[in-house]
Amino acid sequence: MSLKSEIMPELQTTRLTFLGTGGGRFATMYQARATGGIYLADTLRLHIDPGPSALYNMKRLSIDPIKTDGILLSHCHPDHYSDAEILTEGMSHGGIVKRGALIGSKSVILGEGEFDSPISNYHRSICARVSAVSAGDRFRIGNMVIDATPTQHSDPYGVGFRIHTRNGIISYVSDSEITDKVIAAHRGARVLILNLTRPLCAKVPFHLCTEEAAVFAREIVPEMVILTHLGMKLLREGVDKQVKYIKENSGTRVLAGEDLMKISIGKDITVKRFQDPTNHYTSYPKYD
Ligand SMILES: [Zn+2]
């Protein structure tokens with residue numbers, strides 16, 4: 001077998017690993033779901049929004065932080081950035097090699113407005129590249145093109161990421177409520193990742209609720225919608241109910257994110273669930 005035919009099947013697939021599917025203050029502080037972000041392996045390995053438990057869940061899945069090529073931080077909230085400094089130490093092989101790209105909103109990279117950057121000067125200095133991006137910017141990491149997309153969130157500098165992979169566009173909307181501008185930025189996505197914080201009949205400002213997720217899905221009509229960043233109230237009220245509503249009201253394929261779930265995107269999209277999810281609460285704290 002030639003080297004090419006040995007390596008091509010692996011290379012042709014884009015893989016997403018969910019190192020957490022929780023979000024919001026209470027789901028994060030109780031780790032009702034893990035909050036380690038999303039690991040994307042395509043021509044490069046990117047870690048998107050590594051919140052608390054990113055490192056722990058990488059260990060569980062034997063994902064080596066030394067192999068990460070880029071860290072993307074959508075905004076300056078700790079459920080999205082808390083493990084990022086240590087991951088820069090991974091990218092730079094312990095700070096020995098200036099390596100890897102650290103890219104995020106102005107608020108998280110530089111500190112802006114009421115936000116202080118959570119990334120120290122030292123940790124910035126060990127990355128080969130550090131960039132602050134705003135909605136509408138297009139940038140590259142290696143040969144991969146990524147668009148920074150708008151959000152409507154309590155960090156006004158927040159962005160989402162529209163990632164052009166060899167298997168189509170994977171859109172990560174990040175924390176946002178729905179607006180025409182936010183929807184428009186994700187048209188053409190093959191996989192649409194929605195941060196669904198609030199369940200049915202529980203809209204709050206700056207986050208998506210289930211009714212808005214259905215509108216979003218209906219407007220984009222991706223091949224698959226993946227729900228993540230699930231908040232405490234939503235977990236308590238039941239994820240399946242939200243999935244059913246979004247399916248029925250958008251006609252799209254909707255997948256509820258589960259911790260450590262892996263998605264392979266090639267000609268088809270396949271889902272592999274982690275066999276032993278350990279952190280599923282049987283009853284949830286009353287906060288939301
Ligand atoms: Zn947020």
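## Helix H9 and its surroundings

Helix H9 is followed by valine 221, whose phi is positive, near 45°; helices here are DSSP runs of H or I of at least four residues, strands are DSSP runs of E of at least two, and both are numbered from the N terminus. The model is a predicted one, in which local features need pLDDT of at least 70 and side-chain atom pairs count only at pLDDT 80 or more, while totals for chains, interfaces and linings use all residues. Residues are numbered from 1 along each chain as its sequence is written.

Helix H9 itself covers residues 210-220, and its buried residues are Thr210, Glu212, Ala213, Ala214, Phe216, Ala217 and Ile220. A residue is called buried if 20 or more other C-beta atoms, placed from the backbone, lie within 10 Å of its own, exposed if 12 or fewer do, and partly exposed in between. The buried residues of H9 pack against several elements, including helix H8 (180-184), strand E11 (191-198), strand E13 (224-228) and helix H11 (239-250).

Two packed helices are described by the angle between their axes and the distance between the axes. For H9 and H11, the axes come within 8 Å and cross at roughly 35°, where axes are lines fitted to C-alpha atoms, for helices over the stretch in contact, and angles run from 0 to 180 degrees between N-to-C directions. Thr210, Ala213, Ala214, Ala217 and Arg218 of H9 make this contact with Gln242, Tyr245, Ile246, Asn249 and Ser250 of H11, two residues being in contact if their C-beta atoms, placed from the backbone, lie within 7 Å.

Helix H11 also holds lysine 244, which is partly exposed, with 14 other C-beta atoms within 10 Å. The C-alpha atom of lysine 244 is separated by 36 Å from that of leucine 87, and the two residues are 157 residues apart along the chain.

Taken as a whole, the protein has 11 helices and 16 strands. Its radius of gyration, taken over C-alpha atoms, is 18 Å, close to the 19 Å that the globule rule (2.2 Å times the number of residues to the power 0.38) gives for 288 residues, so the protein is as compact as a globular protein of that length. Buried residues make up 51% of the 288 residues, and among contacts with a separation of 6 or more, 61% join residues 24 or more positions apart.
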